[in-house]
Amino acid sequence: MKPFAFERARDVDHALSLAAVSPGARFLAGGTNLLDLMKLEIEQPPRLIDVGRLPLADIAETAGGGLRIGALATNTAVASDPKVRSRYPALARAILAGGSVQLRNKATVGGNLMQRTRCPYFMDAAKPCNKRLPGSGCSAMDGLSSTLALFGASEMCIAVSPSDMSVALAAFDAVAETVRADGSVQRRSVETLHRLPGEAPQVDTDLAPDELILAVELPPPPEGGQAWRKVRARASYTGALASVAVAGDRVALGAVAARPWRARAAEAALADGASPAEAAAAELASAEGEDGRKALVRRLAADVIRQAREGVGS
Amino acid sequence: MSTVRDWAAPNPVTENRSGLIGKPVDRYEGRLKVTGTAPYAYEVETPAPPLFGHIVSSTLARGRIASVDISAAEAAPGVVRVWTHLNVPAQAARGTRLNPRSQRASNPALESDRVEHYGQSVAFVLADTPENARAAGGLVRITYEAESADLDFLSSLDQAGPAPGEEDARIGDFEAGYTASEVTVDATWFSPLQNHAQMEPCATTAWWEGDKVVVHTSIQMVKGGQHALAETLGVPSDRVRLFTRYIGGGFGGKGQSYDDLTLAALGARETGRPVRVAYTRQQMFQATIHRPAVQMRVRLGADRSGRLNAMALEAVTHCARNAPFVEHAANFARNLYAAPNRLTGHRLVRLDIPHAGAMRAPGEAPGMLSLECAMDELAETLGLDPIELRIRNEPEVDPDNAKPFSVRQLVRCMQEGAQQFGWERRNPVPGAVREGRWYVGMGMATAIRGNFLLPAKAGLRLTGDGVATLTQGMTDIGTGTYTILAQITGETLGLTLDQVRVELGDSDMPPAPGSGGQFGAATAGSAAYETGMVMRRRLAELAAGDPRSPLYGEDPTLMDFANGNIVLGNRSESLAALAARAGPEGVYVEGGISPAADARDWSQHTYGAQFAEVGVDSVTGEVRLRRMFGVFAAGRILNAKLAKSQITGGMIWGVGAALTESNPVDPRYGSFLHQDLGGYLAPVHADIVNLDAVLLDEADDKANPMGIKGVGELGICGAGAAIANAVYNACGVRLRDYPLTPDKVLAALEAKGL
Amino acid sequence: MLTTIRVNGVDHDVDVDPRTSLLDLLREGLDLKGTKKGCDHGQCGACTVLVNGVRINACLSLAVMHDGDAVVTVEGLASGELLHPVQQAFLTEDAFQCGYCTPGQICSAVGLLAEVAAGQPSEATADLDGPVTLTDAEIRERMSGNICRCSAYPQILAAVRRAAGAAA
């Protein structure tokens, strides 16, 4: 790990002002992804701004009947919250499918949104990777990794987001509220918080360096059933080969793109009266990649949509 | 030379009058392990504050180091030394054996500019803290000149050559027999490269005491490690004192030493400070040995009744270019089923990747994943139950050499297993059982693994407090060696377990071969037993010759040992009193075991039957274990609790082999795709559902004086095949490409229109 | 960087390199080597400790993040010679072999029992609105963040069950 300066933020303003004057600095919350990457020298921030003790962990109902989850609420706190469990069970399920209890006890909502890809070639500093070292090439494109993007990839990068939680958040139309050092507050859709790789895969999100996630807001849960499922070779403690979250008439796919992938084509087909299988096929029509991956996502999406509609629960 | 007839007479272990043999006592060192106070190699207390080493690994597969720049690393905070091949202290040339009896030759680190595999050590940093050492490692700049390399096994199969010094084993005329068979199976299986993934990374703590180096390292073979380091340093082996008292998993991967041992010893010598060096998890994957991939063609020919007429297993496997190793994946078949016409053999591909080597049940573990599925296919073709097919091919004598079996309860294992597992509830029609979105199926397979006895010694001291201390240059890698040696010693001397101590893992102690090949318990245990018998004779003679003893003048051969006493008729004396009179050091004896001259006149194996029930997700192709059960026969069991732990642990390795474990080589770089425990999927707790095993009553009087055999590797044998057969029974998909991951299962389901 | 940390009931004022993980502070700085380093990347669970009563991976946390925190490691569970019920259950059920993952497994199980008592759900919880009961499936899923390569999982399950019974 490269040496760095460590500073604990006294309050949000202090955190933001430190970030504004510290090029390359990173906010540190739970640290479960950032420290992992720093040990591998994939991340080499000269300064860490510890925001872990800022009072941003509340989970409260909003005036509009939704839920506001503080960015520093741990994954465990969110999945254990009675409001989340009863009204957003697909979100609770998605969180509980991620990592291990130990990781979820430490990892925060904001950190989960900011986590970087686990593409094995990104995680190995000795390999070419445009996301890690722009212009070095993409080792994954012709590599051995089994979890590549089906949607929104570019010639530069084919990595996927590893977040399970954000797939459910995308299905709930969740919004991330952020603040910058100049006091400006922005509301960004979780669905599009992460950029597609395009020509600049090294830039994960549109967030400015001094922009801090304060909270995630969920609108009231949509009418209709919810369901979540995650596919993996091992029964627990591993990343998704694919995942699907369904909330009412909204469908999001996981581990298929650099961001949680809202299946708009599938949703449109469902609105037109298509069956779950037809809707899933409509979404996969635009997918690019290996046939087996496409078949997995198509079958999974159809089944989870059906499950949500039948109200089987998740 | 002894004979197995010497072992036939009743002895304290086989009579088991105190009942210590077989007793499910708690692990001897268990309290230390559950309190976190068992010091592993990296953790031992040092005589002075240590320095910390970090190894820098090659990112090239084959070629040479073109340039080195260590200036930034040397200037980094806390750095004490930075070594590459240009400035590492002198070591003996690779392969040097100053002492011809050294079990291992010189194994120098950073020896030259040559790079022979990805992950090879290319630089070493010593610093005041682990953080500084590792950060400085990142500042070492090395450029390489690449040379062409052979990295991809499957695309190099045409380069496969004979395994060195080996010929195919042929009995009868396989080709003729196969051609004449009414029913045949001809299929090829692939078992991938796997990693040991021990939880404790390789590590060494070293310091010097004068001209003698003390090393605590994590290694399965005490003498091998001591000799390798002595030869590398160019010193006699008595100037290396090696300790390996607690080992955080080995599984064959720590059968040898690695560069942490060499560099820690050199670093400590050059700086005059104790040094700690550990491999990173990434280095464990890239720079230690692995189980090589095996491609196995199996051909079976049988008549309509299911009797095998011809059987061939032809394995192709791989090893590092300059480190020969053969995964003997076909050998087990030689002893398993009767068939008059037989062919087994191995071909080897040399690759420029890290060294292949032994991993839990080398040979059987990947090999049985093929034949035991081929038998399932044959049974289905014949319309026979898989157990019945195997019973019809049960040999009277070893089909490889016509030797009698010492004891063989394979059929009983299958029959008892079938009964307890509920095998009769299996629907033989694939895909016939459905629960919700799950296809459900059952499968079975047999298990066979050889039994070995190697020469070993032990020391035993009885002191005036009545405590017997067994010492042996043996290891306990989690197998239970400490515990069973205490049980054997206690039973042999008529002592309770709290009157017995066991000290292992010290090169100054009487030597034993270490842990591997499931020979540990039989080998180390037999030596402990024999040493106990030496002690009995010695104590009896002492008593008979000592006027102060109540047994003075009596015939020592008639004296018995019980309840801490030496006894004859109604006279007795405590062992404590006897030892106290012998002096402050008590009584010390050494003893040992050698294989009997005629032991190999019998075919000696351990056996088992594996049963599995799985669910296959009809939507996603995920395979999940629903239950698993095994019945095993492995001689007399020394500790029912610990033996079962060994067996179920092995079965779980079979689950990993069947469903998740694989590490492909990236042919562009020569590195493994997975270099951490997030990518390489060893089973986690949620994967293992309702798994249990039983061990049959048995004693093998041809194996050793105690009639015991090994259990450490038997559990993995056939376990994965039972799961693959269950997958077929569940959903009708025959997959011969391990592991059976969701992508492969789903592709097969799609191909069937499911 | 000056940091005050309470470990197993003892306060320590330490001056740590900001890069030092909580794991390395425990092992190197405080000589509490019971907590193990298996992967150093949160992928094995051998370094599991309890921070303010909650189990985390000590390898993925910086020591300086824990100023003022109370940490319990495997060395802090027993009361003198009397083992913690989870430790005793691991010993009785032979829930370990090589022992290297064991301190993490034990701390994890201690954390697990508290989480279940607090009603926190897991992926194995069938009904998120209902009470949490400690089924075998719950134990297996909740202990899945601790890899045991010796594969003592059936015995670990039995040990956690035994300890849960003792705690009830």
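## A buried helix in chain B

Let's start inside chain B, with helix 7, whose buried residues are Asp259(B), Asp260(B), Leu261(B), Thr262(B), Leu263(B), Ala264(B), Ala265(B), Leu266(B), Gly267(B) and Ala268(B). Keep in mind that you're looking at a predicted model. With 10 of its 13 residues buried, helix 7 of chain B is largely enclosed by the rest of the structure.

As for its geometry, helix 7 of chain B covers residues 259-271 and reaches 18 Å from its first C-alpha to its last. That's close to the 18 Å you'd expect at 1.5 Å a residue. Just after this helix comes Gly272(B), and this glycine takes a positive phi of about 75 degrees.

## How chain B is divided

Step back and chain B splits into three pieces, some of them built from separate stretches of sequence. Domain 1 takes in 41-148 + 196-287, domain 2 takes in 403-453 + 597-754, and domain 3 takes in 456-503 + 511-594.

How far apart are the centres of domain 1 and domain 3 of chain B? Going by C-alpha atoms, they're separated by 39 Å. The two domains do touch, with 11 residues from domain 1 of chain B and nine residues from domain 3 of chain B taking part in the contact. On the domain 1 side, that contact is made up of seven polar residues, three nonpolar and one charged.

## Chain A on its own

Now for the partner. Chain A has 12 helices and 12 strands. Its radius of gyration is 19 Å, close to the 20 Å that the globule rule gives for 314 residues, so chain A is as compact as a globular protein of that length. Along the principal axes, its C-alpha atoms fill a box of roughly 55 × 50 × 35 Å.

Buried residues account for 64% of the 314 residues in chain A.

## Where the two chains meet

So what does the A–B contact involve? On one side are 25 residues of chain A, and on the other 28 residues of chain B. Within chain A, helix 12 (residues 291-310) gives the most to this side, contributing six residues. Sorted by class, the side of chain A that touches chain B has 13 nonpolar, seven charged and five polar residues.

Technical notes:
Residues are numbered from 1 along each chain as its sequence is written. Chains are lettered from A and ligands numbered from 1 in the order in which they are written. This is a predicted model: local features need pLDDT of at least 70, side-chain atom pairs count only at pLDDT 80 or more; totals for chains, interfaces and linings use all residues. Two residues are in contact if their C-beta atoms, placed from the backbone, lie within 7 Å. Helices (H or I, at least four residues) and strands (E, at least two) are DSSP runs, numbered from the N terminus. Ala, Val, Leu, Ile, Met, Phe, Trp, Tyr, Cys and Pro count as nonpolar, Asp, Glu, Lys and Arg as charged, and the others, Gly among them, as polar. Domain bounds come from an automatic or database domain assignment. The expected span of a helix is 1.5 Å times one less than its number of residues. A residue is buried if 20 or more other C-beta atoms lie within 10 Å of its own, exposed if 12 or fewer, and partly exposed in between; C-beta atoms are placed from the backbone. The radius of gyration is taken over C-alpha atoms; the globule rule is 2.2 Å times the number of residues to the power 0.38.
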